[in-house]
Amino acid sequence: MPSEPGRDRVLAEAGVSRETATRLDTYVAQLRRWQRVKNLVGPATLGEVWTRHVADSLQLLTLAPDATRWLDLGSGAGIPGLILALAGRDRPGFRVDLIESNTRKCAFLMETARLTEAPARVHNSRIEDAIAAQTGVEIVCARALAPLTQLLAWAEPLLTTGTVALFPKGRDVQSELTEAAQRWRFVYDLVPSRTDSDARIVRVTALSRVDS
């Protein structure tokens, strides 16, 4: 298969198997095919799909190498959830649950998961309606979905019972942390992003309400 911009470098840095590379190629091909009619990602980012979307997703796996139960909020085009499922498919017991309220995006997720045999389950639901039923989740993640305050509110049922959150954020991360601290007490650290020098991954390990 002809190499796309950044593909070989991203795959080499992630150290994925040939089988995983093939599955990711299928994902990217599906994304491009569905993008024509579904507008799954920002059109300007499609040419950087490997360096911007795939690499950004794969780096999360290195932050929780032993975790096998992941939950992705507002999965959209499967970034990072479906990409994580493809990369973790060979790990025993690995599974990613994808929550997405948009029916058309769910159709893309389900069809692509079927084609790639990804260990992913798609939940066509609003986050607040589906999250309470998610048990045994080790890592909850979300990318380009909502401000940190809202992400913590959605993930509260999990973060108060031992789940760890990984939320990629851009250059406004400090202002989001300041805003979130008005409502939440949370233990966190900031992990530098490998794909953007201005970005950070907020890793939350404990959460409670300020008024609790």
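**Reading a helix and its neighbours**

Modeller: The axes of α2 and α5 come within 10 Å and cross at roughly 155°. Axes here are lines fitted to C-alpha atoms, for helices over the stretch in contact, with angles from 0 to 180 degrees between N-to-C directions. That makes α2 roughly antiparallel to α5, since angles under 35 degrees count as roughly parallel, over 145 as roughly antiparallel, 65 to 115 as roughly perpendicular and the rest as oblique. This is a predicted model, where local features need pLDDT of at least 70, side-chain atom pairs count only at pLDDT 80 or more, and totals for chains, interfaces and linings use all residues. Residues are numbered from 1 along each chain as its sequence is written, and side-chain values use heavy atoms, leaving out hydrogens and water.

Biologist: Which residues in α2 are buried?

Modeller: Buried means under 20% relative accessible area, exposed over 50%, and partly exposed in between (1.4 Å probe, protein chains only). The buried residues of α2 include Leu24, Val28, Leu31 and Trp34. Among the elements that cover the buried residues are α1 (7-14), α3 (49-61), α4 (81-87) and α5 (103-116).

Biologist: How is a pair of packed helices described?

Modeller: By the angle between their axes and the distance between the axes. α2 and α3 pack at about 125°, with their axes 12 Å apart. That makes α2 oblique to α3.

Biologist: Which residues in α2 and α3 meet?

Modeller: Contact means heavy atoms within 4.5 Å. Leu24, Asp25, Val28, Leu31 and Arg32 in α2 meet Val49, Trp50, Val54 and Leu58 in α3. The residues of this contact divide into 7 nonpolar, no polar and 2 charged. Ala, Val, Leu, Ile, Met, Phe, Trp, Tyr, Cys and Pro count as nonpolar, Asp, Glu, Lys and Arg as charged, and the others, Gly among them, as polar.

How values were computed:
Helix = DSSP H or I, 4+ residues; strand = E, 2+ residues; numbered from the N terminus.
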